[in-house]
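The sequence and the structure come first.

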Amino acid sequence: MASCAIVVFSFIILSLMDSVQCKECTNVPSQLSSHTLRYELLSSKNKSWQESMFSSYNHLTLAHNSAQSRPRPYRMLRQQQERSRLPADKEFINGDGFLHEISLHKVRLDADSAYGEAQKTNLEYLLMLDVDSLVWSFRKTAGLATPGSPYGSWESPDSELRGHFVGHYMSASALMWASTHNKELQLKMQAVVNALYECQCKLGTGYLSAFPSEQFDRFEAIQPVWAPYYTIHKIMAGLLDQYKLAGNAQAFKMVTWMADYFYNRVQHVISKHTIERHWRSLNEETGGMNDILYQLYLLSGSKKHLSLAHLFDKPCFLGPLALQAESLSGFHANTHIPVVIGSQMRYEITGDPLYKEIGTYFMDIVNSSHSYATGGTSAGEFWSDPKRLASTLGTENAESCTAYNMLKVARHLFRWTKKMAYADYYERVLINGVLTIQRGSDPGVLIYMLPLGPGKSKAVSYHGWGTPFDSFWCCYGTGIESFSKLGDSIYFQEGGKFPTLYVTQFISSTLTWDEAGLILKQKVEPLSASDPYLRVSLEFFTLKGLREHSVESTVKIRIPFWTTANGAQAILNDHKLSLPEPGNFLIITKEWETQEKLSLILPVAIRTERIKDDRPQFISVQAIQFGPYLLAGMSYGDWDLSMKISKSSSDDWDRQGSQCYF
């Protein structure tokens, strides 16, 4: 397990640092950032081990708060609130230059595709889970009757992280309902929200969680506690998704009440101590609190929500990124990726270019120095030294949660820039880092890490495959969300005089494109080594009731980096089109009519990709990829494999074993 270093940075970026020029970023304390270790420690009941590990909290607590320092927080908070009062014309919400999301309500996956089957398996799992078991600890905390029995592991009544999965469940069920309109799921997710509303009303303060508020007393005192804001973020996100995707107005009232409660808590900490004390407390993981509060602000318009979001923009981590300093080594990866996602939302709201630069630079260094061939990142939950990944290959690579969150980072960047590289990255991670964490058609069987070392297996990694009712790791929560929103980044649209559609992922699906009055059916043929071409068809139909006359619209289809111009074809209604070079969009503007058909044939080649490690002794550690797919070698022993791919056919490669990095 990697340990985390204490990093001290001085900053002069006042908009980021809120006038505080020195921050201690400890990613604290040490290995306790690891969810795996924290769970093992707390469930061990080994008091001496716990005391030894938790003793590292002591150096974080401020020795005293001088009288001279007390006025400072009030002044700083007022300054921050003044900066938060943005004139309406200065807000950057959904800027004209951004691509717009297409609602999951408008996209349907083909049931017989790999994506459709993965979605169906996940839906089965969501329907298997029991409402009373999910909300058991919430009711216990609120002093209500507790019918049924609680779930175990990370959701057990003695787990300090209990309740986090319930937040994920609300998000996943809202996403899945939007994707399928399954009536049984709709009733189940409404029952969960109703049960939580009863708990919140019983508590009466706006507080809502599966654990008592005493955990926040410890958090604010910088005493040992397992990431209470991490769980609160998941609950708030779940409620907001229930409102945005399922129209549950009660859920919106609940999340707003929660935000007001925590605004008052943070204000109290700053008033009683200093704002520095609040910054220090953020060394305990807080999930994506800044992200969800920025999202809430978009809907509520409350400046309190905007101000509170700023207070969760972890300065000691975002500061070095703003200065374009490569400082990821030793940090817990999934603690900090959500902080970057929140900073991306800050850019979308305020238009402050600093936060655009932060997101862009972060993606650049993760992708260039810290990512495996799957697109995943982290080893044993932490970032290692840059371009030193060969030493990390084993069973504990590419935590599933990081794939879920890095897709969010890439999605923001693609919407802002329309740069092909981000869509290519999204495809790589979706195929190799998301679809791979579900065990076939077994509902509720997911994996925490994605082993990448030679001879390693998912089944014999530290966690192995989880179980439907007694795992509930962090990666279970992000996993059920990922498989509920597989259709959310296939298509994007652009504002302007004429409707413009971006087709960024090759996934068999049907899109209802209201703006153009069209239905688009995308069909992707399964890829095989015996026929090394990706075959995609896009068929257009006019949407009855919305097309009184022809409308000119533009469709832009991604031509991925992994194909070649030689042998590629695009055929529109039996007419061949000129294709751009890989890494560009094929652009077609016309008045589309019913049953017009565009066919794409894209050559798929085998290629190698060197691991991100610049040490000469690891130059031969390479991944073997077939188009967007990372290949795995199956062998009864170790084999030396020639790297001269141009002289090998795919059939030859199918028959060879290898000790290469897969």
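## Helix packing, a sheet and an aromatic pair

H2 and H3 cross with a left-handed sense. The model is a predicted one. Helix H2 covers residues 35-44 and helix H3 residues 47-54; their axes come within 8 Å and cross at roughly 135°. Because of that angle, H2 is oblique to H3.

On the H2 side, the residues in contact are Leu 37, Glu 40, Leu 41, Leu 42 and Ser 44, and they meet Trp 49, Gln 50, Met 53 and Phe 54 of H3. The contact of H2 with H3 is made up of six nonpolar residues, two polar and one charged.

S16 runs antiparallel to S17 and is joined to it by two bridges. Gln 625 stands opposite Leu 630, a residue of S17.

| Strand | Residues |
|---|---|
| S16 | 622-626 |

Aromatic pairs in the model number 30. In one of them, Trp 154 and Trp 226 have ring centres 5.3 Å apart and planes at 75°, so the pair is edge-to-face. Trp 154 sits in the loop between helix H7 (136-142) and helix H8 (164-180), and Trp 226 in the loop between helix H10 (214-220) and helix H11 (228-246), so the pair ties together parts 72 residues apart in sequence.

Conventions
Residues are numbered from 1 along each chain as its sequence is written. This is a predicted model: local features need pLDDT of at least 70, side-chain atom pairs count only at pLDDT 80 or more; totals for chains, interfaces and linings use all residues. Side-chain values use heavy atoms; hydrogens and water are left out. Axes are lines fitted to C-alpha atoms, for helices over the stretch in contact, and angles run from 0 to 180 degrees between N-to-C directions. Helices (H or I, at least four residues) and strands (E, at least two) are DSSP runs, numbered from the N terminus. Angles under 35 degrees count as roughly parallel, over 145 as roughly antiparallel, 65 to 115 as roughly perpendicular and the rest as oblique. A crossing is left-handed if the near helix is turned anticlockwise from the far one by less than a right angle, and right-handed if clockwise. Contact means heavy atoms within 4.5 Å. Ala, Val, Leu, Ile, Met, Phe, Trp, Tyr, Cys and Pro count as nonpolar, Asp, Glu, Lys and Arg as charged, and the others, Gly among them, as polar. Two strands pair if DSSP finds at least two bridges between them. Rings of Phe, Tyr and Trp (its six-membered ring) pair if their centres lie within 6.5 Å; planes under 30 degrees apart count as stacked, over 60 as edge-to-face and the rest as tilted.
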